[in-house]
Amino acid sequence: QAAAPLHPVAVQCQEAQVVVTVHRDLFGTGRLIRAADLTLGSAACLPVAQSAAESTVTFVAGLHECGSTLQMTPDSLIYKTSLSYKPAPSVNLVIVRTNAAVVPIECHYPRKSNVSSNAVRPTWAPFHSTLSAEERLMFSLRLMNDDWSTERLSNGFQLGESLHLQADVASGDHIPLSLFVDDCVATLSPDRNSSPRYALIDLSGCLVDGRSDDAISAFISPRPRQETLQFMVDAFKFAGDDRNLIYITCHLKVSPADQAPNPLNKACSFNKASSLWVPVEGTGDICSCCETGNCPLYG
């Protein structure tokens, strides 16, 4: 609803950002607060626009920006931030005439909605062809507990521990599908192209982190089912950076389950004992490009 003295803070939870509109009559007293005394989130982001005519101040921030936090429930993603009002003394005065205030803000998003930009459109014509053509695949990537039985409740790790990551696809009425992880990159921000960045999986399914001397990262073989792929990565942090929050972004894809694994669709781990790349399924030669670096990409 529109920001007004009766409802002085209005929030719009959009697809990738939150828009917060604040009426400067924040306390409904008729006295307008100063826009300079308003910030968003723990990072104290500043407003992007002001309207003198409407006496409003507008903040726009990405869901991961301004120090927001993410909470996951079985059904929802909840992004939390807060609007802060900290009145500064007026010029030449040592007093303030309003109280500080903090307004908690939450955006809730369903976890089970489609997040893929394209539907997989089948070329066959089974009985469910119309339904399959319209259906969108549902991909997920989750942190699991050590025995893979349930999702891990905490996303905090100590160095020396291992992350158990599980990628899944819900295929519905499609023909049987095999899931693959093309690449995974770790960064300090949600932007997968930001720097520093560290590749965990690369080259269309090579778990390159397992090549490191101090890592035992690997895909889990055999798969629990064709539409699931599990892998372990040793916990790490970026050298020379004290931040303890790391973003892992992965590109998932599917191929027909009856299609033999190949250099484009594969899941390969490095076996230190034999110094060879080993696939979860398929013949060893599909992993040879993990060593040479000339694997086909995004075919």
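**Strand pairing, salt bridges and a buried lysine**

Within strand E17, proline 279 is the bridge partner of cysteine 268. The model is a predicted one, in which local features require pLDDT of at least 70 and side-chain atom pairs count only at pLDDT 80 or more, whereas totals for chains, interfaces and linings use all residues. Residues are numbered from 1 along each chain as its sequence is written, and side-chain values use heavy atoms, with hydrogens and water left out.

The pairing of cysteine 268 with proline 279 belongs to an antiparallel arrangement in which strand E16 (residues 268-271) is joined to strand E17 (residues 276-279) by four bridges. Four residues lie between the strands of this hairpin, and serine 275 takes a positive phi near 55° there.

Taken as a whole, the protein contains two helices and 17 strands. Of its 299 residues, 37% count as buried, where buried means under 20% relative accessible area, exposed over 50%, and partly exposed in between, for a 1.4 Å probe and protein chains only. The protein exposes about 17,000 Å², of which carbon and sulfur atoms supply 53%; accessible areas come from the Shrake-Rupley method with a 1.4 Å probe, and for residues only the protein chains shown count as cover. Among contacts (heavy atoms within 4.5 Å) between residues at least 6 apart in sequence, 57% join residues at least 24 apart.

Strands of a sheet pair through backbone hydrogen bonds, in either the parallel or the antiparallel sense. An open sheet of four strands shows antiparallel pairing in the order E1-E2-E5-E4. Strand E1 (9-13) and strand E4 (49-51) stand at its edges with a single partner strand each, so one side of each is left without a neighbour in the sheet. Direction ignored, neighbouring strands of this sheet are turned by 15° against each other on average, with axes fitted as lines to C-alpha atoms (for helices over the stretch in contact) and angles running from 0 to 180 degrees between N-to-C directions. Seven bridges connect strand E2 (residues 17-23) with strand E5 (residues 56-62) in the antiparallel sense, and histidine 23 stands opposite threonine 56 in E5.

A further open sheet, of three strands, has the order E12-E11-E15 and is likewise paired in the antiparallel sense. Its edges are formed by strand E12 (197-201) and strand E15 (247-256), each of which has a single partner strand, so one side of each lacks a neighbour in the sheet. Strand E11 (residues 177-187) is paired with E12 over four bridges, and alanine 186 has tyrosine 198 in E12 as its bridge partner.

A search of the whole structure finds 10 salt bridges, a salt bridge being a side-chain nitrogen of Lys or Arg within 4 Å of a carboxyl oxygen of Asp or Glu. In the salt bridge between arginine 142 and aspartate 168, the closest N and O atoms are 3.3 Å apart. Arginine 142 lies in strand E9 (residues 138-144) and aspartate 168 in strand E10 (residues 162-170), so the pair ties together parts that are 26 residues apart in sequence. Arginine 142 is partly exposed at 23% relative accessible area, while aspartate 168 is buried at 10%.

A second salt bridge joins aspartate 182 to lysine 253, with the closest N and O atoms 3.0 Å apart. This pair links distant parts of the chain, aspartate 182 being in strand E11 and lysine 253 in strand E15, 71 residues apart. Both partners are buried, aspartate 182 at 2% relative accessibility and lysine 253 at 13%. Arginine 243 and aspartate 241 also form a salt bridge, with 2.8 Å between the closest N and O atoms; arginine 243 is partly exposed at 47%, whereas aspartate 241 is buried at 18%. Salt bridges that share partners join Arg142, Glu151, Asp168 and Arg225 into one network.

Lysine 266 is placed in the loop between E15 and E16 and is buried, with 1% relative accessibility. Its C-alpha atom is separated by 6.6 Å from that of phenylalanine 180, although the two residues are 86 residues apart along the chain. Beyond its neighbours within four places in sequence, lysine 266 is in contact with residues including Phe180, Ile286, Cys289, Cys290 and Cys295. A polar atom of the lysine 266 side chain lies 2.8 Å from the backbone oxygen of leucine 203, and a polar atom of that side chain lies 2.8 Å from the backbone oxygen of serine 204.

Note on methods
Two strands pair if DSSP finds at least two bridges between them. A polar contact is a pair of N or O atoms within 3.5 Å; within protein, one must be able to donate a hydrogen and the other to accept it, and residues adjacent in sequence count only if both atoms are side-chain atoms.
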